[in-house]
Each structure stands twice: as structure tokens, then as C-alpha cells.
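I opened my notebook to look through this structure piece by piece. My entries follow in the order I made them.

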Amino acid sequence: MLGHRRFTHLSVAVAAATLVSACGSGSTDTGDDASADNREAQAGGTLVLALAEDPDALDPTLARTLVGREVFVNMCEKLYDVNEELELIPQLAEELPEVSEDGTVVTIKVRQGITFNDGTPFDAAAVKTSLDRHRTLEGSARTGDLAQVESVEVLDPTTVQLTLSSAFAPLTAQLADRAGMIMSPAQLETLGDAFGSDPVCVGPFEFESRTPGNEIVLTKATDYYDADNVKLDGVTYRVITDGNVRLANVNSGDVHVAERIAATDVAKVEGDTSVKLIGQESLGYQGISINIGNVNGIGQPVGPVDTPLGSSPELREAFELSLDRDVINEVVFAGKYTPGCTPLPPASPYHDESFECSQRDVERAKELIADAGVSTPVPVTLVVNTSPENLRLGQVIQSQAKEAGFDVTVAPTEFASALDASDAGNFDTFQVGWSGRVDPDGNIYNFLHTGAPLNITGESNPELDQRLEQARLTSDQEERKQLYAEALQIAAEDRPILYLYHPVNYLVTGPDVVGLEYYADGLPRLATAGFAQ
């Protein structure tokens with residue numbers, strides 16, 4: 001019989017914030033400083049939270065946006081979660097998984113006495129239903145998250161056993177995100193592929209309604225196992241794409257919480273005594289994804305792309321050399337973000353400090369363009385989100401690249417539409433990023449491995465694939481760090497993604513909001529939130 005061990009995970013050492021807001025603070029809180037106000041939350045009331053974009057499908061199997069995760073965190077619990085130190089902890093699971101010595105058998109005990117928000121029982125069979133759907137549903141965005149899972153077996157009503165094709169170090173971290181969200185089998189049976197139109201999970205709040213492009217309404221879930229400790233009657237997510245308008249709505253009281261306040265507004269908010277500001281270094285990145293092989297749609301065989309950047313590694317290098325990350329940070333983000341050229345933020349224990357970012361070199365960029373034998377200006381179409389901040393970013397990129405001989409057309413596009421177009425391969429370049437995950441695999445594999453479900457660029461490099469696959473096989477941190485360093489060096493030569501910076505997530509609330517938890521994963525947790533007594 002194989003020996004077993006408890007699967008543990010090294011946490012990312014990033015401070016988290018528990019927000020208990022104080023009127024008259026007018027300051028930025030990080031870490032424990034955010035806990036200065038200990039006022040109790042009263043029962044009742046509906047909290048309005050402004051989102052920067054309209055979420056995509058409210059279906060954990062299909063969803064891929066940060067704003068979607070911000071909704072899910074309050075209505076779709078997972079087998080595991082993270083705490084304020086970003087350590088993995090059980091949520092719907094009873095304990096951390098038990099893993100065989102060879103890493104290929106994972107046993108998960110699930111909690112008893114829990115029901116879904118439709119009153120049906122949560123058990124091991126429900127876990128199998130959701131995990132199998134995540135693995136096999138056509139169009140699933142979770143296939144890469146669970147690629148090593150060959151089968152899921154129900155051992156008894158409280159135990160599932162996963163058989164893997166090989167050891168898979170990131171598994172628990174994956175099950176602490178959308179791949180670990182468990183959906184009501186009854187609702188899946190009723191709605192099938194339309195589950196996202198009326199999702200039912202386990203959570204402190206349940207789905208009530210959605211007006212696309214406008215708002216999502218959740219109400220307190222009476223079947224929730226900890227309903228007695230949930231103070232709010234409900235949560236309304238309101239889509240407000242303009243950061244200035246989000247902030248103005250908090251000041252007016254029409255909105256109680258606004259996410260992703262623009263970095264350029266931070267100084268103004270810090271001087272405002274009527275609101276509370278929380279800043280958290282994110283786990284993610286922002287960059288420019290370049291279509292270098294996505295000609296048939298995501299997950300399909302790659303092929304040659306007929307755009308200048310897509311067809312020429314030399315032109316991609318020239319384009320990167322035309323950009324100045326430090327200036328972008330100062331001009332667009334008031335110097336509040338961290339320039340970077342890899343998907344791993346400085347806070348990650350896997351961050352390679354020896355990795356050197358290219359510096360702007362317009363003359364060298366011009367030489368590379370000349371060597372490529374193309375006429376100037378070289379046309380580039382850059383898709384950006386429609387927010388003022390993203391438009392400014394596109395304009396700065398446009399201006400910088402012009403000096404080297406590129407003619408960048410900035411194409412503002414509604415976010416969900418841009419995602420659909422990028423999935424289909426209908427783009428040249430796309431300014432997009434990722435909110436980040438605790439395990440580095442979550443920031444890299446699905447975007448750079450051949451055929452991975454979020455690999456919109458069409459990157460396909462066997463040497464890169466090999467490093468990423470090897471990093472999934474070992475739990476040794478130093479070995480994984482070396483493998484990721486090698487993988488990112490290969491990716492830096494291919495340049496499917498030009499990484500630009502690591503954001504800071506800024507959240508602002510009105511003076512009476514208390515009990516909101518905000519960690520470095522960028523998800524406002526509202527189970528304990530409410531309005532001060």
C-alpha cells in the first residue's frame with residue numbers, strides 16, 4: 001500500500017487587509033493597519049459594489065474574468081480557499097487533501113451537513129459532478145487546471161478520490177479557485193450549458209438576477225451553513241467602467257464599495273476624509289498579448305499569422321524595445337505600480353530577481369525593423385478596454401512605439417467582446433492581463449503551454465512546454481523555481497506576451513462599511529461585511 005502525506009503549499013508572503021472602515025480616515029491601509037476600526041456590523045441592508053467590467057458567464061466551468069471571480073467569491077464556495085496570509089485552507093473540504101507518495105492518488109474528505117442554495121445536499125457525488133464537468137465540458141476554461149486528473153471516484157458520501165496521470169503540485173491551489181467551485185447537480189441537470197443564467201452553489205449569498213452590462217443582484221442565502229453570521233440582506237454588483245465615476249458614486253453614497261480605483265486617483269482619495277482606501281499588491285500582471293499562431297481559435301492547431309508582429313520575432317523584439325515600462329508606470333499610473341517583464345510579481349517566492357527586463361532602445365528597435373526588411377511605419381492594431389485608464393495606456397504605447405517606426409492603432413473594445421475575439425484568433429495585439437494566482441502555475445501554464453485553454457496567442461514551443469510540465473511534477477520549491485526561470489527565458493525570446501507591470505489593487509469604501517475582507521487575490525469577501533451600528 002502506498003504511503004500518504006498531507007498536501008501543503010507554501011504561501012505567498014503578501015500582506016492582506018481586513019477592512020473595518022472608519023469615517024475620517026482618508027488614508028491607504030495595507031496589512032494589519034486596515035483593522036483599526038472594530039465597529040460591529042448591524043444586520044440588514046444591501047451593499048452596492050461597483051465593478052470595473054461586466055463579468056462574463058457566471059458559470060465556474062466557463063468563466064475567466066477577475067470581475068466574475070469577485071462575484072463568485074460570495075456565492076460559489078470552493079473545496080479550498082486562501083486565508084489572509086494566502087495560505088491554502090479547507091472550505092467545502094473537511095481538511096487538506098491526502099496525497100499518495102507518488103502524487104497520483106489524491107483523497108479529499110468533504111464537509112457534512114451542508115446544502116446548496118437550492119436546498120439540495122452537498123456531498124461527494126456533487127463534487128464529482130462538478131469536477132467532471134470542469135474537465136470534460138466543451139469550451140471549459142478549467143481543462144488546463146485539471147489536466148492531470150484522469151478520473152474522479154466517489155468512495156463514500158463524504159470522500160472523493162482523484163486519480164492523476166502524474167503528480168500535480170498545483171492541484172490544491174487550483175481547487176482553491178474556479179476549478180474547485182462545486183455547483184448544484186440539480187441545477188446543472190435543469191439548466192445544462194445555461195447554468196450561468198441562474199447559478200446555484202454553496203455560498204453566503206445566492207443569485208437573484210442579472211441585467212447584462214448593468215448589474216448582478218445577490219440575496220442572502222437562507223440555506224447557507226453559516227447564515228446566522230451573514231449580516232447583509234444582499235449584494236448588488238453594479239457595472240461602472242469609468243474609475244472616476246466609480247469613485248464619484250462612493251462619494252455620493254450611491255455605491256458603498258468600488259474596486260480598482262485608478263492609480264492616478266490615489267492621492268486624491270488619500271486626502272478625502274469621507275472614504276477608506278485599501279491598497280494591495282496583486283498577484284497578477286498586465287501586458288500585451290500578441291497573436292503569433294492563433295489562426296483557428298483557442299485550443300486548435302496553431303498556424304502562421306500574417307500580421308507583422310505575429311510573423312516576425314525580430315519585430316516583436318523591436319516593439320518591446322520601443323516601450324519604456326518605467327515611463328508607462330509614471331505617466332499612466334502615477335508611479336504606483338511595479339514595472340515588470342515576467343508574469344510573476346516580486347512578492348512571489350518564485351520571482352527571479354536575476355531576470356533582467358529590456359530597457360528602451362529606439363535605435364536598436366529601428367535596426368531590427370530594417371533587418372526584417374519591412375517598410376515603415378509597421379502597422380499594429382492594439383485592442384484595449386474602454387476605460388479611461390486603459391485608453392491612456394494605449395495612447396502612451398502608441399506614442400512610444402511611433403518613435404521606433406510602428407503605427408499603432410488603438411482599438412477600444414468592450415471587455416467581453418475583446419475576450420471572445422481573442423479566443424477566436426481575431427486580433428493582432430491585445431492589452432490584457434491576469435489577476436494572478438497563489439501558485440505560479442496559475443500565472444503561466446494556461447497562457448503559454450501549447451493548446452492550453454487561455455493560450456490566446458497561439459504560443460507553441462516544445463522546450464517551453466517541457467519546463468512547464470516538469471514544474472507540475474515536483475513540489476520542491478527550488479526545483480520549480482529553476483524550471484520556471486528557464487521557461488520564462490524561453491518565453492522572453494518568443495515574446496507571445498510582452499509583460500509590462502504588476503498592478504496594485506485599490507479598493508475604496510464609504511465610511512460605514514465594516515467587516516469586508518480584502519486579500520492580495522483582489523476578491524472582496526463580503527460574508528462578514530455589513531454597515532456599522
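I began with a term: contact means heavy atoms within 4.5 Å. I also noted that this is a predicted model.

**Entry: domains.** I looked up how the chain is divided. Domain 1 takes in 39-59 + 203-282 + 505-532. Domain 2 is 76-202, and domain 3 is 285-502. I then turned to the pair of domain 1 and domain 3. How many residues of each are in contact? Ten residues of domain 1 meet 13 residues of domain 3. I checked the area next. The two domains bury about 1100 Å² between them. Of that area, 53% is on carbon and sulfur atoms. The centres of domain 1 and domain 3, taken over C-alpha atoms, are 31 Å apart.

**Entry: the record.** I looked at UniProt. Its unreviewed entry places the feature "domain: Solute-binding protein family" at residues 87-451. I followed that span in the model. It is 29% helix and 22% strand. Its end C-alpha atoms lie 30 Å apart.

**Entry: two helices.** I picked helix 13 (residues 441-448) and helix 14 (residues 462-471). Their axes come within 10 Å and cross at roughly 145°. The crossing is left-handed. Which residues make the contact? From helix 13 I listed I444, Y445 and L448. From helix 14 I listed L464, D465, L468 and E469. I sorted the residues of this contact by type: five are nonpolar, none is polar and two are charged.

**Entry: backbone details.** I stopped at P377. It sits in the loop between helix 10 (362-372) and strand 19 (378-384). Is the peptide bond from T376 to P377 cis or trans? I found it cis, with omega near 0°. Next I checked R260. This residue is in the loop between strand 15 (257-258) and helix 6 (266-270). Phi of R260 is near 50°, a positive value in a residue other than glycine.

**Entry: D324.** Where is D324? I found it in the loop between helix 8 (313-321) and helix 9 (325-333). What does D324 touch, leaving out residues up to four places away in sequence? I noted R360 and Q400. Last, I took the distance from D324 to F72. They are 252 residues apart in sequence. In space they are 36 Å apart, C-alpha to C-alpha.

Notes. Residues numbered from 1 in each chain as written. Predicted model: local features only at pLDDT ≥ 70, side-chain atom pairs only at ≥ 80, totals over all residues. Heavy atoms only, no water. Axes fitted to C-alpha atoms, helices over the stretch in contact; angles between N-to-C directions. Helix = DSSP H or I, 4+ residues; strand = E, 2+ residues; numbered from the N terminus. Left-handed = near helix turned anticlockwise from the far one by under 90°. Nonpolar A, V, L, I, M, F, W, Y, C, P; charged D, E, K, R; others polar. UniProt positions renumbered as here; feature names shortened; annotations may be inferred. Domains from an automatic or database assignment. Buried area = accessible area lost by both parts, 1.4 Å probe.
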